[in-house]
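The following questions and answers examine a single protein chain. Please study the sequence and the structure before reading on.

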Amino acid sequence: MEIAVGQGDLVAARMQMALSLGWHIVLACLGVGMPAITLIAEWRGHRTGDVHYRLLARRWARAMGVLFAVGAVSGTILSFEMGLLWPGLMGTYGQVIGLPFSLEGIAFFIEAIFLGIYLYAWDRMPPVPHMLSGIPIVVAGVASAFFVVTANAWMQVPTGFEEVDGQIVSVDPWAAMFNPATPPQTVHMILAAFMVAGFLMASVYAVAMLRGRRDRYHRLGFLIPFTLAALVTPVQIGVGDWAAHFVAANQPVKLAAMEGVFHTERGAPLHLGGVAVDGELRYALEIPNGLSLLAHWSPNAEIAGLENVAEADRPPVNITHWAFQIMVAMGFALLALSLWMALAWKRRRDLPGSPWFLRAAALSGVAAVLALEAGWTVTEVGRQPWIVYGVMRTSEAVNPAPGLVWGFVLVSLVYAALTVATVYVLRRLARDQPVPVAPQERDVADYKVI
């Protein structure tokens, strides 16, 4: 009975962490990408004198302020959860991975300080200094993402310490932070953040354009974020291939779960779809030699199967496999949408004429978020049953106190309330009325959004 309760608490702790991370990461992506998009709009507004750019920049800046405040709340919840839910991890390895969390805190305060300056200095500073005050927001947002992801990368490939007689010695926090997984994982995440921010913002204006609002304000509101996200997408596909090669070389068990490979073989096929049943992937479309070629650049390369590890050491195959399939499918769908836009723009310097483009663009934000969440599911679930790969099991790190399920219920209610409040405030900011009159908004006070 005690084992059953312990397992239930472990599941509750994992579900709570998944909910918190999955919710916060969307805001984190907006915190990375949205400031850059806003600065682009402000720069274009001052360069061209076009009021539409300035209006967009100011509205996006207000939304940034709201999202930053909400993100600070969810980030604080996460910081407490790391210690409350996983004392085994933090108590044992806190000295190893504490550095990136400390640096992330510094980046957070820099971002907060300059965001305050940026928001309240409209027309109280000359245009160039005001735009320059936004650059630290972009840098700090990217830095925050980098520092946090280095800690997760360490959990994939733990380095920077030695363990002697159960004691952690020879700690090198810099080696831990700059572990072998850091380059592909941080670049992959930062690019994903720009994609999520760009496509989410563009999807709002795509919906408005589908409703007949084809004025310059809405067109620019769509074009600026969509163009940035579209430019990043093909680069992200290449970085994703780099990250997959890293997994193949360093986490063969995760690769086997991603592709549903149960038996070691040469010339392993690439699986599209399929369901793992009784130690076999069924109903999948197979591309001969595809996995061996993609993973090791050789059609006859050997791919290790899950049969090489004990069943207790295998990650959940169906979750990992389908999360990977969704991530790849969404990535290539967004690439196709970006190419559609690029071809139309090259031919006639305008958006594609088909209404199906705007319909697809209206869904692009959801697709980008799905790809993001699916990618992190692959990263985290594919590492199980290890919280620190090959070193500490998740069950060894969880808080042994009973009743963790109630914490999950409470946190779920908190996030439900945060979601409702955030959506309500953002909808109020985007209401179809003139910009609220304020002393710092004289240049756009008379412009009515239609």
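A residue is called buried under 20% relative accessible area, exposed over 50%, and partly exposed in between. The model discussed here is predicted.

Q: Is aspartate 350 buried or partly exposed?
A: The relative accessible area of aspartate 350 is 25%. Buried residues are under 20% and exposed ones over 50%. Aspartate 350 therefore counts as partly exposed.

Q: With which arginine does aspartate 350 form a salt bridge?
A: The closest N and O atoms of the pair are 3.1 Å apart. Aspartate 350 lies in the loop between α10 (317–348) and α11 (355–381), and its partner is in helix α7, 131 residues apart. The partner is arginine 219.

Q: How many residues apart in sequence are the parts that aspartate 50 and arginine 216 tie together?
A: The side chains of aspartate 50 and arginine 216 meet in a salt bridge of 2.6 Å, N to O. Aspartate 50 lies in the loop between α1 (2–48) and α2, whereas arginine 216 lies in helix α7 (residues 216–250), so the parts tied together are separated in sequence by 166 residues.

Q: Is asparagine 179 buried or exposed?
A: Asparagine 179 is placed in the loop between α5 (173–177) and α6 (182–210). Not counting residues up to four places away in sequence, asparagine 179 touches Thr150, Ala153, Trp154, Val157 and Thr159. Because its relative accessibility is 2%, asparagine 179 counts as buried.

Q: What distance separates the C-alpha atoms of glycine 75 and histidine 24?
A: Glycine 75 is in helix α2 (residues 51–85). Along the chain, glycine 75 and histidine 24 are 51 residues apart. Their C-alpha atoms are separated by 6.7 Å.

Conventions
Residues are numbered from 1 along each chain as its sequence is written. This is a predicted model: local features need pLDDT of at least 70, side-chain atom pairs count only at pLDDT 80 or more; totals for chains, interfaces and linings use all residues. Side-chain values use heavy atoms; hydrogens and water are left out. Helices (H or I, at least four residues) and strands (E, at least two) are DSSP runs, numbered from the N terminus. Buried means under 20% relative accessible area, exposed over 50%, partly exposed in between (1.4 Å probe, protein chains only). Contact means heavy atoms within 4.5 Å. A salt bridge is a side-chain nitrogen of Lys or Arg within 4 Å of a carboxyl oxygen of Asp or Glu.
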